[in-house]
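User: Hi! Could you walk me through a structure?
Analyst: Happy to; here it is.
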Amino acid sequence: MDTKVNLEGHQVTVTTDKNSMEYGGFFAWQRNAAATKWKPGSGDYTILESYNVPRDVHGADMYPGVKVDIPVSSTRSTAYMNTNYYNGSFKTGVIDDDLQLLRRLNRTRVGINVDAEVSRANVQYPHGVGRVDPSTQIGSLVVKSLNEVDVHYIQTYDHEGIKVPLPAGGNAAMMYYLNSNWFILTSYTYQYPDKMKIYYKEDDGGGSTNPPPEGCTEPSPSGQVKEAPLTSPNVSAVIKADTRGNERFDVLDGIPTTESLYGNVLANSYLSKNKFVQMSGKCTYEVTVNREYELKWDPGKKVPKPDGTGEMDAPDPQTATETLTKSYTIERPYSFWVIENLEVYKIDQAKLWNYAFSGGGIMIMPSGYSPPSFSSSKSNEYVPPHVPDSVDAPKGSKTGGKEKPDISNENLESYAQQAVGKVKVKNDTLTFNGSTIMNGGQINETGPVPGSIPMPSQIHQNVLYSLGNSIPTSKTNKANQSSSGTIYYGLMSGNINGGADENYPIYGINPVTVHTPVVMYPDVSDDAEHNQKTVPAAGRSAVILDRPFSVHMPNSGQHADYKGYGYNNYLKYIGRKQVRFPFDVYDGNKVTFHPKNTWIEVDKSMESFSYFLPVWVDEGFYQVEFRTIAHNAPDGASQQSQANLDLTHHIAYETVPVDVIGRVYDFRITDIADYNWETVFRTSAGSSVPTGSSYWVGINGIDGVPRGNTSRFTLPIIPGSHPLYTNAVIKTGYHFKFDLKTKGNMFGMKDCITITPSFYFVSAKDGTRKAVDLYYHAGNRSYVKIGSPRDKVQRYVILNERLRSVPMEELTDTALYKYDHDFTFDQVSGVGRAQYVQNYISKITLQKTPVGILSLLELNERIRTLIGPKSGIPAGVDPARVNAAVQKWYGEYSLPADLFVVNAGTNVAEYGRSHNGLSDQSPIFLKEGYIVVNFNIETVRNGDAAHPYLQYIHAPLMNQWHQLEGFVRRVSDPYGRTFVLMDGDVVFYEAAGSSRDDFRSMVTH
C-alpha cells in the first residue's frame, strides 16, 4: 500500500543565537604604480552613489569615492533552540526548511536579527588586523537555507580605509575596508501527540482510497467559476520636508542638509486573490415501487326479463386486487462551491529611496495598521439521500368498463421521486472582515453562489508615514535627485493553494533637491572719526593704523526666493566662517597675531569680530575677503558672491573695500628761544638738559584719552602760559621749536610735512581778533610782506641741535634704516653700517636743513626720525619696517624781530604815497596787542604737494586738533581777558615787543 497521511502538529518556533563571523571580512581596492584611480578586487558589489574625490600630491585619488552594496555569504554557527520545549538543540531534519517560510520569518530587521559589528577591532585582513569601517551598515538579510544567508553591506568609501603601499612604488597600493556582522535565524518545528491511532481501509483495487458513495459520481468542476485577480496596490508616495501639512521647504526647489524629510506611502490596505469553483455531480438510484390496486369492472350478464319475454342485460360488478411493481432510475444532481485558490496579503513595509536620505533610503513599518481578518475551511461535502430498497406506494384503485382494468401502464415514478431526497451539500467556508463570503452551511442540492471579497480601502495616511529623517551633512548639494520605492505585502497564513510575498515598485515619487544655503553680506567698520584724509575714498571703509576696527559677518541675508529660504538666518547650515585680510592683523585683544593673507576661522555663531590694525601695515586700498562655508561643503568647494544661489557652490563669498590710513598727531612746542622761557624747558639757565615740559595742542592724546598735562601746558602760548610769569609773552625775533608725529608710510625720501602759517591780531584791550598781514625789513629791502614774491628769507633747522635734545636712539635707528633702504649698493659701497651711523649723527644731522620760508614750511626727511615699536614684534615681521612705521618731525619757527602788522588787505605802498611816506612809527601799524601764529598742518606723500594726503585740522570728516587732542577754542588769561581761538593757533607774539629790545637793554649808556 502506498498511501500518504497528512498529520497536523503544534507549531514550535526555533531560533539560533547570534551567528558571528569568526575572522570578519574585507573589501579590497587596488591601484598600480602608474594609476590614479582605485579598482575593486574580486567579488560581487553594486555601486549606489559616486562622489567627487580629492587628489593627493601625486595626482592620485585619495579614496574610491563610491557607496557600494556588497553581498557576503555567511554560514550559521549556532544551533536552533527553544528551551521552553527542549533543553537541547534541534537538528535541521526536524525543522521546516521551506524557503518561502524562512524568508517570511527572517525579514531584515536591523539590530534585531542582523547588524554590523562596527565596534569590532580584530578583523583579519591580509596585512594584519583592524577595525570595522565606521561607514558599514546593513542593507538586507537574504536567507538561502536553514544554514546559509547573504548579508548585504552598505559601505561608503568617501574616506581613506586601511592603505597599504605596495613594493612596486609610485601610486601602487591596496586599500581595505573591513566588515563584520551577526545574524539570527528563525524557523518552525512541529509537536505531535506521543501516540496516534490511524485507521485505513484496504483498497478494493479501484485505486481510490475514498470511493464516491454508491450511485454517485465524483464531483468535478461544472464550468462555473468566480475568480478575482490579485488586487492592485494602487500605491503612491511622496517625499517632502517635515512636517506634513506644514512643510517648511519645497523639496523640488531645495532643502538643506540637517533638515528632515518625511516619507508617506498610500496604498490599498490589503491585497487579495481568489478562485471559487463550482463542483457538481449526480447520484443515480434504481428505485422499485410497489402499488396495490383495487380493480373494479362490470362485464354485465343476461337475465330473464321480468315479463319473461326474453333476456335483458343486468349489472355484474367485479372486483379484484393486484399489485403493480415497477423500477425507476432516479437522478439527484448536486453542486457546491470550493475555494480552489485564496491569497490574502497584508502590508509588511515600504521602502523609499532617495539620495537625500541617510544611507540612501528609509524603511517604513506600518503603524496603527490592522491587517484584514479572514478564516477559511475546506468544509465542502455532499451527502447522498437515503434510498429505500423498495417503495410501497399508497393503494390505488382503477375502474374499468366491462373488462378488467389494465394497470401495467401506470406511472409510479412520482412515488420513486418522492422516496429519494435531495443530495445535501456544503460549500467551503470563507469569512472576511466579519462578512460571509462563502457559506459552508448544509443545504439541499445546490450550494449558494459565493460573494466577492470586498475591494480594499486605502490605508490611513499615518500607516506608512516616517518623519524626522534628517539629511546628513555628508550629502553635497545636488538637484532633482530621483526617488524610487517599493511596497511589500506579506502572504497571510490561511492561504489556499499557493501565493508568496509580493512587492511592487512605487512610481511617480517626486524628486528631491538638496541645497544647503549660506550667505555672506559682510561689512567693515568705517573709522570716519579718525580718518584724516584730505579726500576720503568713497565707497571704502577707513581702517586706521594702530587702532581697533571690527568686521560684521551676519548669518542672515537674502537667499533664493524659495520656500524656507529668502531673507533668513542661516546659522544652522554654516560649517565654517572665515575672514582673510590682505594685511597683518591682531585679534581685538592684541593677543593673537594673524599674518596677512591667512584665512581666519571665527566663531560661526557670532556676527561681529574685533581686530587691531598693526602700525606697520602699508597704507592704501585693499579688499578684505569673507566667506561662509556650508556644513556639507566637499573639499575644493566653489564659491558664489553673497549667497550660493547656484547649488553647485557651497560657499558664500564677498569682499569689502577698505582704505588703510595713517595719522598725523602730537604737535607740541618743546622750546622757546626767548630767555624768559628758558627755565620752563631747561633744568637751569644755560643748561641743555630738558625739564620735560612741553606745550601740547590740548590735554588729550592721539585718540582723545587724557595725556596727563595741565591746561596751562596747552596751546596756544598766551599771556599766562608761563608757569612763573603771568605777563610773559614771546617777543618777535625769538623762534620756538616744535615737533609732531605721523604713522603710516611717511618714511619715503620725498615724504614731508607742510605747514602754512597764517596771522591774526588780538587786541590787548578787549581781545578782539582780526586777520592781518605782516611786513618786515630784510637788508636793503623794506616792508617785505610775508607771503609775497619778495618774501624769500630761507628758514633752516638743525636736527641734532644741542637744545633740541633728539634722543640718540632715534638718530641711530633712523641712520640704520636710511643705510639699509634709502641708498643703492653703489651709494654706500665701501661704507659700513656703523660708519654711516657715526657720520649721520656727527655730521649730517648737524647740518642746516632748509625748511622753506616764513609763509610756508616744509619739514623734509632730513629732519625726520623713525620711532616705531621695538618690542612685541611677531615672528616674520620686519623689525626695521615696524620702526619706520612711526615718524617724528622736527621744526622751528619765528617771526622777524622787526615786524609790522597791518589789517589784512591793507595797501601799505599806497598808504605811504598818500601820507607823505611811511615810517616804522606810522599809525597804520598795529601795536597794542598780540600777533597770533596759526598753523595749517598737512602731510605730503611722495612729493605731491599739490595733493596733500592727511590733514591735522581741516579733514572733511574729523579734526584731530580739536576733536581728539582737545584744543580749547575759548580761553582767559590772568588779566581777565577772554580770547576766542582758532584751530591751529600755536603762539601769541607780543606785537610791541622784539628780541632786539632785550639786546638794546644790555648796551652801556
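Analyst: Let's start with a term: on a 1 Å grid over the protein atoms alone, a pocket is an open set of points where a 1.4 Å probe fits, with protein on both sides within 12 Å along at least five of seven lines, and its lining residues have an atom within 4 Å of a point. Volume is the space filled by probe spheres set on the points, which are joined across faces, edges and corners.
Analyst: This is a predicted model, where local features need pLDDT of at least 70 and side-chain atom pairs 80 or more, while totals for chains, interfaces and linings use all residues. Numbering runs from 1 along each chain as written, and side-chain values use heavy atoms, without hydrogens or water.
User: What's the lining like by class?
Analyst: The largest pocket has 16 nonpolar, 17 polar and twelve charged lining residues. Ala, Val, Leu, Ile, Met, Phe, Trp, Tyr, Cys and Pro count as nonpolar, Asp, Glu, Lys and Arg as charged, and the others as polar.
User: New topic: what volume does the second largest pocket have?
Analyst: About 490 Å³. Its lining has 15 residues, with Gln11, Arg104, Ser493, Gly494 and Asn495 closest to the centre.
User: Where does the largest share of that lining come from?
Analyst: From helix H1, residues 99-105, which supplies three residues of the second pocket's lining.

Methods
Helices (H or I, at least four residues) and strands (E, at least two) are DSSP runs, numbered from the N terminus.
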